[in-house]
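Morning, everyone. Please look at the screen while I talk you through a few residues.

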Amino acid sequence: MANPITYVHPNPPPFLIIHGEEDDVVPIGQSQLLYQALQQLGGDVTFVPLPGEGHMLGDIYDTQVEPMIRNFFIKHLKR
């Protein structure tokens with residue numbers, strides 16, 4: 001039940017998947033599986049692996065991750 005592709009269904013909403021490549025809590029392979037499953041359904045999905053980052057994303061959150069999230073929401077929620 002913890003596998004993310006368990007909940008993938010046709011016509012998925014947009015997804016932004018950001019994952020540290022050195023995450024020792026959740027294997028990056030889980031995000032890769034989710035990304036591939038969403039792509040196969042034609043979903044609007046962006047996958048951003050972050051080299052050298054762990055589960056908490058460290059010091060790059062404010063400078064790199066937060067702007068990606070903000071731009072994702074602006075793109076998909078702006079009316």
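Leaving out residues up to four places away in sequence, which residues does F47 touch? They are I17, H19, I28, S31, Q32 and Y35. Contact here means heavy atoms within 4.5 Å.

A word on the source. This is a predicted model: local features need pLDDT of at least 70, side-chain atom pairs count only at pLDDT 80 or more, and totals for chains, interfaces and linings use all residues. Residues are numbered from 1 along each chain as its sequence is written, and side-chain values use heavy atoms, with hydrogens and water left out.

Now the core. F47 belongs to the largest nonpolar core, 6 residues in all, with I17, I28, L34, L38 and V45. Such a core is a set of buried Ala, Val, Leu, Ile, Met, Phe, Trp, Tyr and Cys residues joined through side-chain atoms within 4.5 Å. Buried means under 20% relative accessible area, with a 1.4 Å probe and protein chains only. Two elements give two or more residues to this core: α1 and β2 (45-50). Helices (H or I, at least four residues) and strands (E, at least two) are DSSP runs, numbered from the N terminus. The largest share, 3 residues, comes from α1.

Next, D23. Find D23 in the loop between β1 (15-20) and α1 (28-40). Why does D23 count as buried? Because its relative accessibility is 12%. Beyond four places in sequence, D23 contacts E53, G54 and H55. Its side chain makes a polar contact with the H55 side chain, at 2.8 Å. That term means a pair of N or O atoms within 3.5 Å; within protein, one must be able to donate a hydrogen and the other to accept it, and residues adjacent in sequence count only if both atoms are side-chain atoms.

Notes:
Buried < 20%, exposed > 50% of the residue type's maximum accessible area, 1.4 Å probe, protein only.
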